[in-house]
Each structure stands twice: as C-alpha cells, then as structure tokens.
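Here's a quick briefing on a protein model, written for someone new to reading structures. Take a look at the picture first, then work through the points below.

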Amino acid sequence: MKRILVYMMVGLMLATTAAMAQGKKKADADKAQPSQPVTHPQLADLLVKALGLVRFLPNAPSAQQMFDILMQNGIAPQDGWKLDAVVTKADLARVIVQALRAQDLVENPNDPQAWINVLKEMGISIDRLSETIQSVEALPEAIGQDVTMASTDPLVKGPSTVQYSVDLNLVVRVLSEMEMVSGEFRPISPTPH
Amino acid sequence: MKRIQILAAAVLLLAMAAPVWAASASSPIHVNNRLRVGWDDNVYQVDDPSASGLDKQDSFRIIEEIEALVSLNFERTYLGLRYRPSLVWYSDREDEDTDFLHDLDLNFTHNFSPVLSLSLADSLRASQLPELQDETYVVRQDDDNIYNSAVATLSYTMRPETRLDLSGRYILLEYTEDDYQDAAGNVVSHDGDNYYSMVGGLTLRQQLASLTTLMVDGRYQSVVYPDADDADNRDADSFFGGLGLEQTFSPQLIGNLRAGVEHRMYDNDAFDDNTQPYGELSLTFLPSPATRITGSASYSIYESDVSNFMSQDRFYASLSVAHDLTAKLNFYLSGAYTLNAYDADYALDPTLEDGDENTFLVSMRLSYRLNRVNWLEAGYQFVMLDSDLNGRESYERNRVDLGWKIQLF
C-alpha cells in the first residue's frame, strides 16, 4: 500500500512539472490578450476567500460547493449562481451589498439599479472587480453546514463541532461508573467539546 | 474564581480598546471574543444506589473563547488561518473544574498557473481534559489528546469543463498522557487508542452544462494503531469507488449526491473483510432572502465510537435553518440524528452482542447585533444518547447559555 502512495506522490510531482510548463506558456499568451470577462465561479472564489468562508469548505472545493456556502450565507445573484455565467454589474452590486450585510439599505430589491446605488452611496466602485472585492472583509457571523460531519469521504470527514453557528457535537461524553467497570469505551475520535 | 475575575477584566479592557482597532477595517487580521455563561444539567452521571437509575451532576459553567482570523489574499496565493483557544470552567465539577481546548485551522492555496493549483489544509485540535472523580468513581480518565488532519490537493484543469484532483491526507490522534495509576490503583494506559491514517484520493470532475457537474472518485485509506496489542489490533485498509453529482436545480436550490462502495480489509485475521455501500446527499434551499435551509443525510462504514468494536455502520441526518428575523436579530437552528449500528461479528470482545446507538441533538441560537462590533446571544442545546450496547449508558443532557460576542478588530 505504501507503494501506491509513493506512485501517487511521483505522479503529483510529474503532473506539477508538466502543468507548470503548460501554464507558463498560457500565462505568456494571456498577457498579449485583453482582460477576460469574469465568470460566476471566479467571483465565488474571490468572495469565499475575502469573507473567510474557506474554512467551511473541503480542500480544493468545486465551484458548486463555493456557490453552496455563499447561498448558506445569503449571498447569490438575482438569477442564482451558474457555472458558465458571466458576472454583470447588477450581479456584482447585489452580492457585494449582501456580503457587506447592507441589503436593508436597498429601497427596491427588485430593481438592479437600487443595489448599485447603495454601493455608490457607500463610496464603493464596481468598475474594477479587484478593487471592489477589497471592500468586503471576513463575515463575523459566518455560518456553514459542517461538511466533515455528514461526509463519507475519507479525505473530508473529521471532528468538527459547529454547524450554522451552533454547537453540534453528537457524541458528547457523559460517562458513568458502569462504563468504567464494563471496560474501555473511549471514543476513537476525540470529542473535546 | 480569581482566574475568572482576571479573565473578565481582560475582556473588558479589550472591549474598551475595540473601537480603535475596529477603525482599521481593512486589516487582514480579525479577533473576536466570545464569553458565555450557562448551565449544564448533566456534566457527568454516576450510579446512585439510593435512587432508580443514574444520578446526574449539574453545573453552572463559563466558556471563554478568543478567535483570531487571518486572511491574506494575493494574486496567486491565499492564506487563511483561524486559531480559537477555549476555556471551559464548571462550578460543580470537583476537583478538576477546567477544560482547555485549542482549535487551529490553516488553509493555503497557490495557483501555479491558470490550470494548476495546490491546496493545503490543516486542522489541529488539542484538548486538555483532566481526570474526573466522584468520590471513589473515576468518571473520566485523563483524556488529554492531540488530533491533526493535514490534506493536500493538486488540481489540474485539463479542459475548461474537466478537472482532476489528486489528494493525500494524513490524520493523527495521540493521547498525550503517560501511563499512570488512577485513584483505585489501576495502571491506565491510552497507548492502544493512538492511531494514524493515510488517505490517497483521485477525483475527476466533468461539467455537463451550466447547472450540472459529474464526478468519479477513488480513495484508498490505511488506519494503523501502532501501539495496540495484537489482541486489540484494529488496523485496516479500505478501498472506495464511487460517483457524484452536483446540481443547481433553481436559483434557490442547490444539491449534491455522492454514492459508491467501500471494501474494508482488517489486519486482524479474526475478522472478515467488510464491503458496504456508502452514500451522502446534501441540499441547500433559500425559500426567501431572509431564510436559508440546509439538509444532509449519509450512510457508511465509520470509525467506531466505542473502542471494542472494529467499526460501525452509521446513518446520519441533519437539518439546519438560519432566519434573519430583522436586520439585527438572527435565529439559527440545527438538528441531527445518528444511528450507529454495531455488529457482533466485528467486536473485539466475543461476549459482546449486536447493538444500536441512537443520538438526537437539537441546538439553537438567537443572536442580536447591538452595533457593528457587539452581539448578544442566547443558546440552548439538547443531546440524547439511547444505547442498547451492554455496559453503555444512555443519557440526556440540556444546556443553556447567554453570551456576548465582540469583534475586537
């Protein structure tokens, strides 16, 4: 079995080398081209990092897993997140206002311009995404489903204890003399909380 | 009590300084403090010969948590760090009244190129859980332990719609206390419970349309208890193979499904290989802008919650709701049910029989935002364990607390 892991590590290194070379070529080519439109997955990636939501996600999350955690925190474009959609100004204004928890300032939520106006009043420009994204910071009351608790994936499952901001530890250790007499019943996974 | 007074004074000082720090809102570092006072109706329970059943020990408690969040976002690199030490003090838990816990989470991502990225995540849990005694009873052995999980994933985007993830994970659980004599004079050793696990995995994702992604995955896991006696050998190797689906059903509904088969081979020749299906389902639904609902369910072979079984078959289901009652008042509710099924064929002790354990948990929190940096909160948690395993005790536990959270900077 150790041999399998060694093969995987060698494979990882080879793949890294090959892809880095390919990526460098592509990056050089990209420099010569005008900037590309931003897609929903790219915006979601920027948002989960800026809002501190990465800790709720499995390692190397998929685009839809990022959409999911943003939706759980009430952040979504008017027509929802889509894998191949391009971000419009209306989309961007809406998700930034939601990320700033300022949606109660929007006078008419059905009017896309109303979301843009709120950002204008706050002095936030939506002309450049890299600048706009800097206006948001880690959500102090971020919530998320505990993916480690429901997961059957050995790459994901583990001992987390908080879901939707409430304590959620299933095997809370309340022991009694009977258990100590009957034998060792220590949980295999630690249950510290 | 003096320790609590010092802690409270420190928290108040920090609160006074908070507005100054909060002014620098663009800082990549944030620190939150959360202080909760509450009551727990079942800190532990012991047999009471004068009563029918078990005697619960209740206690007033104070929980102090400091949470430090670091988020560094560069053009190609992201580093996220979260450290949360917690001090839990019980008024009526003699003679050890304090537990001390550390949670550390690290996330690192680097994009080597538009098609290749490396993601690292590490979770460290360190728990100081001292031995508890009630007169002559040992209620809890010394349980100081360290748990660490490190996972690395290399993601290669072969085509815009196709991504290959190659992952490795290392998990370590170690009880840190040396062998010692308990109050009854018995030598207590935890070495046999220490374990490490290595996982290798490969996932191929194929985006089918703007709303659907299909996945194929394979995993290998090895679990080793390096210090266990031959009689308590629980070492195992497992292979997993399965398919997954991620689907956006509507702007308000998103879900994912994963299913496959696990084949587990035990190192101990006394046990047959165990082949079981696994599956998990998760749905997130936004019925209104103010309400978020997430449900999940899963079934699989799982690490045993009790040491004298090789493994368990676990069914898990949970439902969580977040609702913004007003812009400042938020309500969170989460409930979970677990059915752990233990098969006598996989018991280390041949006298043990088949058994089930049912766990119910409901947890809720009401949070009120006083201003930009202060929150008041109230919480309630109910836990019930219903066990028919021989020698394992069922219990119910209620906990309530009131808290104050402040974003220091």
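Chain A has eight helices and two strands, where helices (H or I, at least four residues) and strands (E, at least two) are DSSP runs numbered from the N terminus. This is a predicted model, in which local features need pLDDT of at least 70, side-chain atom pairs count only at pLDDT 80 or more, and totals for chains, interfaces and linings use all residues. Residues are numbered from 1 along each chain as its sequence is written, while chains are lettered from A and ligands numbered from 1 in the order in which they are written.

**The two chains**

- Walk along the sequence of chain A and you get the pattern α-α-α-α-α-α-α-β-β-α.
- Chain A has 193 residues, and 46% of them are buried. A residue is buried if 20 or more other C-beta atoms lie within 10 Å of its own, exposed if 12 or fewer, and partly exposed in between, with C-beta atoms placed from the backbone.
- Chain B has one helix and 22 strands, and 34% of its 409 residues count as buried.
- Now for contacts: two residues are in contact if their C-beta atoms, placed from the backbone, lie within 7 Å. Taking the contacts in chain A with a separation of 6 or more, 46% are between residues 24 or more positions apart. In chain B, 51% of the contacts with a separation of 6 or more are between residues 24 or more positions apart.

**The nonpolar core**

- A nonpolar core is a set of buried Ala, Val, Leu, Ile, Met, Phe, Trp, Tyr and Cys residues joined through C-beta atoms within 7 Å. The largest one here has 35 residues, and Ala44(A), Leu47(A), Val48(A) and Leu70(A) have the most contacts inside it.
- The elements giving two or more residues to this core are helix H2 (40–50), helix H3 (63–72), helix H4 (89–99) and helix H5 (112–121) of chain A.
- What does Ala44(A) touch, leaving aside residues up to four places away in sequence? Its partners are Ala63(A), Met66(A), Phe67(A), Leu70(A) and Trp81(A).

- After H2(A) comes Gly52(A), with a positive phi near 70 degrees.
- Two packed helices are described by the angle between their axes and the distance between the axes. For H2(A) and H3(A), the angle is about 55 degrees and the axes are 9 Å apart. Axes are lines fitted to C-alpha atoms, for helices over the stretch in contact, and angles run from 0 to 180 degrees between N-to-C directions.
- H2(A) and H3(A) are therefore oblique to each other; angles under 35 degrees count as roughly parallel, over 145 as roughly antiparallel, 65 to 115 as roughly perpendicular and the rest as oblique.
- On the H2(A) side, the contact is made by Pro41(A), Ala44(A), Asp45(A), Leu47(A) and Val48(A), and on the H3(A) side by Ala63(A), Met66(A), Phe67(A), Ile69(A) and Leu70(A).

- Nine of the 11 residues of H4(A) are buried, so H4(A) is largely enclosed by the rest of the structure. Among them are Leu92(A), Ala93(A) and Val95(A).
- H2, H5 and helix H6 (129–132) of chain A are included in what covers the buried residues of H4(A).
- The axes of H4(A) and H5(A) come within 8 Å and cross at roughly 55 degrees. That makes H4(A) oblique to H5(A).

**A loop residue: Ile126**

- Where is Ile126(A)? You'll find Ile126(A) in the loop between H5 and H6 of chain A.
- Ile126(A) has 19 C-beta neighbours inside 10 Å, so it counts as partly exposed.
- Not counting residues up to four places away in sequence, Ile126(A) touches Lys89(A), Leu92(A), Ala93(A), Ile116(A), Leu119(A) and Thr132(A).
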